Amino acid sequence: MRTRMWASVVVVLVCIVSAFLAAQVDLGALHGTVVDATGLPIPGATVTITGPEKRTTVTDSRGEFSFVKLRSGDYEIESSLAGFAIARAKASVRPGRAERVAITMRVGGLAESVSVAAASPVLDANASARLVGGVAGGVVSGTIDGLPGRYNRAFNTEAYDHIEENRFRRVEVDPLSTFSIDVDTASYANVRRFLTTGTRPPAGAVRTEELINYFRFDYPQPSRDEPFSITTELVSSPWNPRHKLALIGLQGRELTGREPSPRSLVFLIDVSGSMMPPDKLPLVRTAMRMLADVLSERDRVAIVVYAGASGLVLPSTPGDQKERIHSALERLEAGGSTNGAAGIRLAYQVARDNFIPGGVNRVVLATDGDFNVGVTNQSELVTLIEQERASGVFLSVLGVGTGNLKDSTMEKLADKGNGNYAYLDTLHEARKVLVKEAGGTLETIAKDVKIQVEFNPREVASYRLIGYENRLLKNEDFNDDRKDAGEIGAGHSVTALYEIVPAGTGTSAPGVDPLKYQQEARETRAARSGELLTVKVRYKAPDGDTSRLLTKVLMNEASEMTANAGFASAVAEFGMVLRGSPDIGTASFQSAAVRARRFKGTDAEGYRAEFIQLAERAARVVDRR
């Protein structure tokens, strides 16, 4: 009896294994690379295949994509990315084989159809009005899921602040340099968007500190109870051998070893008519789904939308109710004018009503920044944000789209809202900001972080801070705890570079006449210690009002170029050349790329390799002009 039973079991197992093996034999794989017309890889392109099954992925930093365990058969491949015409190809997947395809995308062109959900947002009883459709002026017709669509492509009204680049300062006149730290990364992604489509970005779009801080560096984790460590280095300047570079690096504490704090998030989404193109609202919906997917039952999410009016699409909902959150996002559609102030007020109200003491309480604003009704003045919007931040709710701003991007407004809102500003040019970037670096994006470990550097006149004739032009503070602001400054998120690193002219080699800065009523300052004993500079950092706890002080001394002892200083200086050089800096020296895109390649390091995520390609692409774009 037992023998027959075991025989039956064996037969069943053999059948299962045979069926499994048969199914595996029928499977294949499809790999490919997406490049531009010059042959350079395109990261962040969305690749969709349709055929025996439908799948979607995003190209990595090398422009590569893969689909494995595919049912055999004929597939159509579609690759899309903002700024490029949709590229299509075909491939046949055979059992047990891996097929490869190469797809070339060309700049320009409107897609015949793009994937945008066409359903009206459902506003609850608290909504002030229903959203209305329509886009005024300068539009281009297209189709959205087969439905007629019109969106603004005819005029370029992007807005960037003018940046007056930091020049050399004489230490004998101005020995102190004070600024607020900056962890925004929007400028890098925006610059990448311009260069990828063969256009040199406007100078105001190139904020060198944001280019550098896009990358993480190998700074040590903080010891004791501090939220961040301070690293200093001194090396020779790559673009002027008579000068030196001083690096100051802050490394925020990682969240490893403990659960993230519970999060109460309010997605504040612009659904005005200007958000209709595929690189705007459709990208935002997918990005927010990515963020929602990493939340747990300890977290909460609400969704507020605004156009001509604002409304609550999803009340604060536990993070493990994925289907409910996804469904609310899918119902969003674009239409109407843009009353951003009304949406901001409602979002903060919802955030206050669902405040988690000791947790992460944040509004995540996704928009192109084109506020055109209600409160539209930039200074009034900033004042509104300053008032709302007193609630303890922080703000993250996600910029999207092309043609009417209001970069200057969004940067100021994030700055005054105790938050950060990122630009999403691709799903690849959305995954970086909202998934891989969610801790740094959402969880603040120190706020109002200010740096003040004092230079030793015995060792330094003059200096200039590279970048941070719109983060400069008055020297007296450093000790004023009422003065707002930047925030550091969990795991964030912050890097600042000073170009230094050593004493005795000229100042590189204009002088002034001798003072009539004052004598020269007397030198202290510390000036003869060999110290080059002293770094002082003030910060507050995320819920605190009183700052703490950390200090670090850098001796005048230059070392060999380190990996941190090597790569950071390469990115700074790239930004200087792209901006057309007056202090460019021998800097070039080519030398930046060479040094970045030398100091690339492990580069697990491929971001540094992408930068090298971007520097090489910039050389072609700028030389062509």
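Helix 11 (residues 563–579) and helix 12 (residues 589–598) pack with their axes 8 Å apart, at an angle of about 165°. The model is a predicted one. Angles over 145 degrees count as roughly antiparallel, and helix 11 and helix 12 are therefore roughly antiparallel to each other. Their crossing is left-handed. On the side of helix 11, the contact is made by Gly-566, Phe-567, Ser-569, Ala-570, Glu-573, Phe-574, Val-577 and Leu-578. Helix 12 contributes Phe-589, Ser-591, Ala-592, Arg-595 and Ala-596 to this contact. By class, the contact of helix 11 with helix 12 comprises eight nonpolar, three polar and two charged residues.

### Two contacts of helix 4

Helix 4 (residues 281–293) packs against helix 5 (residues 322–330) at an angle of about 170°, and the axes of the two helices are 10 Å apart. Helix 4 and helix 5 are therefore roughly antiparallel to each other. From helix 4, the residues in contact are Arg-285, Met-288, Arg-289, Ala-292 and Asp-293. From helix 5, they are Lys-322, Ile-325, His-326, Leu-329 and Glu-330. The contact of helix 4 with helix 5 divides into four nonpolar, one polar and five charged residues.

Helix 4 also packs with helix 9, here at an angle of about 35° and with the axes 9 Å apart. The crossing of helix 4 and helix 9 is right-handed. Leu-283, Thr-286, Ala-287, Met-290 and Leu-291 of helix 4 meet Leu-427, Ala-430, Arg-431, Leu-434 and Val-435 of helix 9. This contact of helix 4 with helix 9 has eight nonpolar residues, one polar and one charged.

| Helix pair | Angle | Axis separation |
|---|---|---|
| Helix 11 and helix 12 | about 165° | 8 Å |
| Helix 4 and helix 5 | about 170° | 10 Å |
| Helix 4 and helix 9 | about 35° | 9 Å |

Two or more lining residues come from each of strand 18 (394–400), strand 19 (420–424), helix 9 (427–436) and helix 10 (438–442). Strand 19 gives the most to this lining, with three residues. By class, the lining of the second largest cavity has five nonpolar, six polar and four charged residues.

### The second largest pocket

The second largest pocket contains about 1000 Å³ of space. It is lined by 30 residues, and those closest to its centre are Val-171, Glu-172, Val-173, Pro-457 and Ala-521. At least two lining residues are supplied by each of strand 20 (444–455), strand 21 (460–466) and strand 24 (531–540). Strand 24 gives the most to the lining of this pocket, with three residues. The lining of the second largest pocket divides by class into 14 nonpolar, seven polar and nine charged residues.

Notes. Residues numbered from 1 in each chain as written. Predicted model: local features only at pLDDT ≥ 70, side-chain atom pairs only at ≥ 80, totals over all residues. Heavy atoms only, no water. 1 Å grid on protein atoms, 1.4 Å probe; cavity = no way out; pocket = protein on both sides within 12 Å on 5 of 7 lines; lining within 4 Å. Points joined across faces, edges and corners; volume = space filled by probe spheres on them. Helix = DSSP H or I, 4+ residues; strand = E, 2+ residues; numbered from the N terminus. Nonpolar A, V, L, I, M, F, W, Y, C, P; charged D, E, K, R; others polar. Axes fitted to C-alpha atoms, helices over the stretch in contact; angles between N-to-C directions. Parallel < 35°, antiparallel > 145°, perpendicular 65-115°, else oblique. Left-handed = near helix turned anticlockwise from the far one by under 90°. Contact = heavy atoms within 4.5 Å.
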